[in-house]
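Subject: Structure handover

Hello,

Here is the structure we discussed. Please look it over; my notes follow below.

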Amino acid sequence: MAVLTQLAIRRRLFGVKDLKVKPLLDPEGQIEEGAINLTLGTKFVIPKKSEYPLIDPRKLDKNEVAKFQTKITLALGQTISLHPHQFALGATFEFLKLPPNLCAFVLSRSSFGRAGLQIATATYVHPGWQGCLTLELQNLGEVPIRLYCGSPICQLVLLEAHPPLKKGPGMFRRDKPVQVFFPVCLVLEVGENRPQGN
Amino acid sequence: MHDSALNLTPLLHELGHFVDFDREIYKRVLPIDIAHSKASKTLVNSLVRRGSPEQEVYALCKDIVRKWVQELIADLFAIRLAGPAYFYAFVIYAANIGLDTEAAVSHPSPVIRIDLMLEELGELGYLLKTSPRAIRSSLQRWKRWIRRRKLEPEDPFMHLAFLAIKDNSAKLARSVRKNASPRPYGTQAYKENVPGLVADLEEGIPPIDRLDAEGGRYVPSDFVDVLNCAWSAYMFSMNKLEDLIECKPEDKRRMAVRTLNDLVLKAVEASEILRKCQALPGEKPWPSSPN
């Protein structure tokens, strides 16, 4: 398993064209040595402090998700403030499609990490996956953090997967919502994938 | 409206109204001589014999003509701006309300509008052998369908308005061509930009941009290219998107349309942002971070 360097990433993007990262707003700045910088998208799902005492994924009706989550859309360059210990779902602005022979890890950028921002907990991206990555944003620090839509927020480190998958898991398994526009809601994923009795 | 990508297309018709009022295209078409042809004169006489005062016939008919002309100008504007995308958006809408819906005082009937749009698409080259085959075949089917329909409204006043506009349809089309977009969406524009975007969409990738000929720069997709890509995929290749979806067979179509909608909305937003970023080289709408 080898990490793709800048040259290999460029070859996959512009030569072989089997790796898709769309759009690249700043190709020169975003493709770094060994990683692609991904930017923060414009759609967020913010949990509401509602009348619900707790979230029980096994008992929750899908249609009730909206009752404790608010969807918001901002313009590029607008900001969202994440208060201490606040959690929000965001998504990368870039849409990714990995070929069957590449997998990836999403990592925090260290400057944000030092400020106390955690950007993802499920950081592995399967070979063949496609969609906009959902980011589980959480401010672990003690002061609010201002996040700019469109600013580089995380890094995608690409690795070769061997042997390549015959068929990628794809984004279109409709037991999960598609991650194209709004980030995927927390409970839908947890609730539907966790086996009963676990 | 804002959460359905395919439903963004009728906005071009509304834009046509705005351009019409701004550039006063309707003034180049109106006033129209109501009883110009022999058929119109006969119809006016029959209405007068039935007890309608002649002045009232003309006044009512003029009002209908004015409203219909403005609607048809907006249709022609949208067709010239977006080509087949607007046509398909309209026929799907019309099929939902009923293709044989009668004309109203405010709007001509769907068949009258479809007939005029097909004429304009023909003028843009979409019925020629050089046009994309799927589009050409589908438009020819619509052309055959419209030949079997009765265009004339049942209502005698509207019938009179229809005849008056029909006599002046060439003048109407000329006025829109002269005053609408200087770059009509002809077959060349479609063939250059849309098939590549449709290929992306069929693979489940939002049609945001394409690499230029040298392969070093991303060219953001135009809004009308994205709409044409969306409608082409919707009309001719939804099965390819359905094949990408793993769900119950009975849910596939609905899920594919939802996915198409998500992908196209993403493309509309991201292509516009990419265009803005490329227009401001070196400037970014966000502060740079140290790492």
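**Helix packing in chain B**

Helix 3 of chain B and helix 8 of chain B are roughly antiparallel to each other (an angle over 145 degrees; helices are DSSP runs of H or I, at least four residues, and strands are E runs of at least two, numbered from the N terminus). This is a predicted model: local features need pLDDT of at least 70, side-chain atom pairs count only at pLDDT 80 or more, and totals for chains, interfaces and linings use all residues. Residues are numbered from 1 along each chain as its sequence is written, with chains lettered from A and ligands numbered from 1 in the order in which they are written.

The axes of helix 3 (residues 38-49) and helix 8 (residues 156-167) of chain B cross at roughly 160° and come within 10 Å (axes are lines fitted to C-alpha atoms over the stretch in contact, with angles from 0 to 180 degrees between N-to-C directions). On the helix 3 side of chain B, the contact (C-beta atoms, placed from the backbone, within 7 Å) uses A39(B), S40(B), L43(B), V44(B) and L47(B). Helix 8 of chain B supplies P156(B), H159(B), L160(B), L163(B) and A164(B).

**Helix 9 of chain B**

Helix 9 (residues 169-179) of chain B buries L172(B), S175(B) and V176(B) (buried: 20 or more other C-beta atoms within 10 Å of the residue's own; exposed: 12 or fewer). The face turned away from that buried side carries exposed A170(B) and K178(B). Helix 2 (26-29) and helix 4 (54-82) of chain B are among the cover over the buried residues.

**Chain A**

Chain A has four helices and 13 strands. Of its 198 residues, 40% are buried.

Best wishes

Terms used
Angles under 35 degrees count as roughly parallel, over 145 as roughly antiparallel, 65 to 115 as roughly perpendicular and the rest as oblique. Two residues are in contact if their C-beta atoms, placed from the backbone, lie within 7 Å.
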